[in-house]
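Work through each exercise on your own, then compare your steps with the solution.

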Amino acid sequence: MYHPLIAQASNIKTQENPSYTKEDFLAFYPQFAEPLPEIVLDSFVELGQACVSEQRYGKMWRMAIGLFIAHMCTLYMQSAADPGAPAADILAAAQAAGVITSESADGVSYSMDTSALSQDLAGWAAFRLTAFGVQFATLARFAGKGGMYVW
């Protein structure tokens, strides 16, 4: 049963976003035009439309959706490997980045601590991995969290 007064008080936003295209994104972030396959960029623009609500961000929306897409593109490029690369190289490219905690010289060994990332999955998690993600999280905090209700 739908209760308009409760729905209004919940602050849940359901309006469709205005148009935001790959061309809109590339006008602001031209550095992503060449290194990404077109299907990848199209997918991230579609994901941005699904995840970043214009109704929530208001006048910050174009900046927020652009930062979201740039963040996702950057994560993709960090994990990309040459299609002809050996499996070990592909797996190495996809490993989570962490803080280097120790190094060796002759044996070429180092250790990374990724615990801060894995413990923060309830928080901003991967948004801390790129400058675009940090900026997006900052805007998200400005926009605030919406309420919700369970009936």
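Rings of Phe, Tyr and Trp (its six-membered ring) pair if their centres lie within 6.5 Å; planes under 30 degrees apart count as stacked, over 60 as edge-to-face and the rest as tilted. This is a predicted model, where local features need pLDDT of at least 70, side-chain atom pairs count only at pLDDT 80 or more, and totals for chains, interfaces and linings use all residues. Residues are numbered from 1 along each chain as its sequence is written, and side-chain values use heavy atoms, with hydrogens and water left out.

**Exercise 1.** Classify the ring pair of phenylalanine 28 and tyrosine 29.

Step 1: The pairing rule gives a count of 12 aromatic pairs. In one of them, the centres of phenylalanine 28 and tyrosine 29 are 5.0 Å apart, and their planes make 65 degrees, an edge-to-face pair.

Step 2: Both residues belong to one aromatic cluster, together with Phe25, Phe32 and Phe132.

**Exercise 2.** Is tyrosine 29 buried or exposed?

Step 1: Recall the cut-offs: buried is under 20% relative accessible area, exposed over 50%, and partly exposed in between (1.4 Å probe, protein chains only).

Step 2: Tyrosine 29 has 6% relative accessibility, so this residue is buried. Phenylalanine 28 has 52%, so this one is exposed.

**Exercise 3.** Where is the confidence of the protein chain lowest?

Step 1: Helices are DSSP runs of H or I with at least four residues, numbered from the N terminus.

Step 2: The lowest mean, 52, belongs to helix 1 (residues 4-10), while helix 2 (residues 22-28) has the highest, 97.

Conventions. pLDDT is the predictor's confidence in each residue, from 0 to 100. Helices (H or I, at least four residues) and strands (E, at least two) are DSSP runs, numbered from the N terminus.
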